[in-house]
Amino acid sequence: MKISYNWLKNYIDTDLSVEEVSKILTDTGLEVEGIEQFESVKGSLEGLVIGKVTSCEKHPNADKLTVTTVDIGNGTELPIVCGAPNVAEGQKVVVATVGTTLYSGDEEFKIKKAKMRGEPSEGMICAEDEIGLGTSHDGIMILDNSAKTGMAAKKYFNIETDTVFEIGLTPNRIDGASHIGTARDLAAYLSQTKKTELIKPSVDDFKVDNNKLPIEIIVEDKVACPRYTGVTVSNIKVGPSPEWLQNRLKAIGLKPINNLVDISNFVLHETGQPLHFFDADLIEGNRVIIKTLKEDSPFVTLDEEERKLSANDLMICNENNGMCIAGVFGGITSGVTENTKNIFIESAHFNSVFVRKTAKRHDLHTDASFRFERGSDPNITVYALKRAALLIKEIAGGEISSDIVDIYPEPVADYKVDLTFRNLKRLIGKEIEKEKVISILESLDIKIVTEDDEKLSLEVPTYRVDVLREADVIEEVLRIYGYNNIEISEHVNSSLSYSPKPDKEKIQNTISDILTANGFNEIMCNSLTKADYYNDFKSYKPNNLVKILNPLSNDLNVMRQTLLFGGLESIVYNQNRRNPDLKLYEFGNCYYLKDSESENPLKKYNEEQHLAIFITGNKTEENWITKEEPTSFFLLKSYVENILERLGLNLNQIESKEVSTDIFVEGLSYKYNEEQLVHFGILNKKLQNTFDIDNSIYFAEFSWDNVLKLSVKNSIRYSEIPKYPEVRRDLALLLSKEIKFADIKELAYKSERRLLKNVSLFDVFEGEKLGANKKSYAVSFILQDENKTLTDKQIDKIMNNFIRIFEKELNAQIR
């Protein structure tokens with residue numbers, strides 16, 4: 001939001017420097033993010049002076065040039081060669097002296113001494129387009145004879161310079177979204193050391209000239225429109241705005257259009273109240289009706305785009321048609337044009353939720369919707385209306401041709417809040433004198449209804465939509481008193497605390513370190529996502545989505561059920577920028593609607609923490625010593641199992657099950673006592689096509705809460721390194737292709753629990769010579785007795801037992 005310092009001074013009498021004002025505004029909650037300079041004419045006509053042509057002769061060597069002498073004051077006369085056909089002796093002109101920079105759009109050039117066809121030229125007599133005062137280039141500017149020779153052109157043309165503050169307005173401070181609102185904060189701060197009043201323009205001169213253009217107002221939806229105020233002005237003349245008004249708008253980045261539109265924008269940025277001007281002659285039936293229209297009713301807005309209305313869009317209508325989307329955007333058929341003679345002025349208070357939903361629905365974001373969405377002041381509508389009407393009479397002429405019609409069935413009263421001095425001291429950490437607190441509150445227009453030694457009963461004005469509780473009032477006191485005036489205590493309070501087990505942050509950091517050390521990058525995606533992702537996949541039920549009541553857009557209208565889709569968006573982003581080889585992970589919360597009928601939010605919704613891992617592209621980059629090696633499912637599996645083992649989970653106690661869903665082409669699911677720990681695998685091509693991803697993606701998602709719950713049951717124990725050696729024995733098994741290595745491993749551990757330390761698969765072979773539907777596994781077994789050396793007899797007995805079980809249970813053949 002931009003605030004003009006010159007404009008601001010209309011409402012507060014101050015001579016503070018720009019730097020002092022910037023600091024005060026930032027300290028009081030209106031953070032100044034930048035300061036820029038404004039010039040009503042680029043360059044501010046620096047170096048240009050008023051001169052008098054004292055001689056004028058034809059150039060001896062050029063038919064279209066004239067040799068002049070120009071007096072620029074202080075007894076200085078300059079020889080200037082001029083090409084304008086209208087230059088003549090005795091004229092008062094604008095002269096750009098040597099060294100002056102002139103601007104033409106984004107281009108600039110500097111005036112230098114020169115010789116033109118042999119004649120010296122030490123300046124330039126200017127046309128209006130050459131110095132930014134017009135567009136004509138028919139000849140030089142000829143000034144009135146009363147112009148004083150030698151006067152700076154900047155002073156003669158009353159060129160305005162201004163300082164503009166760029167304020168980072170927080171959503172709760174909509175009361176500061178105007179020059180009066182900003183001046184109010186500045187005055188409140190300054191009044192603590194010197195009496196400073198807020199100077200609001202008076203509207204006491206408002207009076208009805210006649211009643212020849214009455215407009216009937218009917219509010220059908222009083223929830224969406226709690227207050228609607230209107231008046232008509234007739235016999236106006238649409239034209240350019242005066243220079244002062246144009247400069248005010250230009251300073252804050254607005255382009256002047258005409259006097260009516262400019263007045264509407266001026267009042268908006270002065271008071272914070274949006275207005276809308278209708279051509280009164282186009283209001284059919286002389287009736288303004290505030291209501292909703294049927295679903296999908298067509299409406300053409302000012303940008304000439306036809307929009308299909310929702311049945312929940314509040315509209316400003318005449319007797320037959322819609323004229324304006326309330327609080328958002330006007331219609332093309334009812335707006336003000338250069339032919340407008342009579343207008344109807346709307347000043348209303350619309351329900352912020354209705355405006356926010358409509359603006360998001362149609363992707364229309366205007367200065368008006370910005371303010372209505374955050375909460376406008378219902379009790380300023382009449383003041384803003386009168387202010388606009390008086391400005392119209394002053395600038396565009398006309399007569400106020402109706403009484404003010406004010407539909408306000410349920411007036412909004414000031415908010416009642418009690419402030420206790422005990423809580424004030426407790427939250428601020430310092431005792432502030434009662435008189436100081438009262439002074440601050442009164443400077444903020446907060447009324448003291450009753451007071452005693454313990455508390456104040458207050459009434460907060462309706463424009464402060466964010467001050468509804470005692471804590472909010474305390475914040476108001478503190479920001480005017482000054483955060484920097486609260487001393488840092490030398491006394492430190494502390495208490496012993498015992499961290500819960502498991503320490504979630506510590507474990508998460510440990511796993512993050514492991515993944516990062518293995519080449520992964522951490523991503524953090526938005527918890528908001530779009531519902532369309534969940535419509536085509538049965539694995540995630542749309543009925544379980546947590547929907548956002550006021551979504552920013554259709555792409556952010558639900559809470560995520562999984563970390564999958566955010567990760568895929570990250571992969572697409574990287575691959576589109578030629579970064580296809582990716583290893584990503586994310587810790588994040590997922591959200592579920594459990595019981596839509598429950599009134600208890602703790603039972604209605606569920607929140608879970610997940611860990612997601614994504615691998616795609618090549619495992620290793622091609623270089624002179626290694627070839628490209630694509631990522632595989634088993635690489636992902638190794639990371640998954642390493643994480644579980646690092647947390648102390650025994651993989652032999654975890655149930656493994658193959659999965660094939662609309663998410664995974666093939667994959668595995670690990671459970672413990674029927675609780676899901678992790679599922680992982682190769683993503684379905686249909687899912688990848690949805691995101692336009694070609695490379696295979698390997699994805700794992702941990703139910704992190706379940707993993708942590710299980711990890712707390714596993715304590716880390718330390719033991720000596722065994723003194724006695726391990727023994728390795730290998731078996732080559734001919735098996736059916738349906739047999740998995742996990743089956744072999746499970747049978748081996750069931751057969752020998754004490755001495756079998758590890759089982760691993762080190763070779764797989766398939767071929768026609770083995771027979772149909774056959775494969776060969778080479779499996780190693782590590783045996784060890786920690787108390788003595790194993791004998792050949794013991795080892796042979798164990799291995800023979802393995803062979804017998806494999807032959808019986810798996811129909812295996814020993815090769």
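The model is predicted. The structure holds 1 cavity of 30 Å³ or more. Helices α10 and α12 cross at roughly 65°.

**Sheet**
- β31 spans residues 558-559 and pairs with β30 over 2 bridges, in the antiparallel sense.
- K547 has V558 in β31 as its bridge partner.

**Cavity**
- The largest cavity contains about 40 Å³ of space.
- Its lining consists of A224, L314, A326, F350, N351, F354, V355 and T358.
- Helix α7 (residues 352-362) gives the most to this lining, with 3 residues.
- By class, 6 lining residues are nonpolar and 2 are polar, with no charged residues.

**Helix pair**
- α10 covers residues 421-428 and α12 covers residues 470-481; their axes come within 10 Å.
- The crossing of α10 and α12 is right-handed.
- On the α10 side, the contact residues are N423, L424, L427 and I428.
- On the α12 side, they are E470, A471, I474, V477 and L478.
- By class, the contact of α10 with α12 has 7 nonpolar residues, 1 polar and 1 charged.

Technical notes. Residues numbered from 1 in each chain as written. Predicted model: local features only at pLDDT ≥ 70, side-chain atom pairs only at ≥ 80, totals over all residues. Heavy atoms only, no water. Pairing = 2+ DSSP bridges. Helix = DSSP H or I, 4+ residues; strand = E, 2+ residues; numbered from the N terminus. 1 Å grid on protein atoms, 1.4 Å probe; cavity = no way out; pocket = protein on both sides within 12 Å on 5 of 7 lines; lining within 4 Å. Points joined across faces, edges and corners; volume = space filled by probe spheres on them. Nonpolar A, V, L, I, M, F, W, Y, C, P; charged D, E, K, R; others polar. Axes fitted to C-alpha atoms, helices over the stretch in contact; angles between N-to-C directions. Left-handed = near helix turned anticlockwise from the far one by under 90°. Contact = heavy atoms within 4.5 Å.
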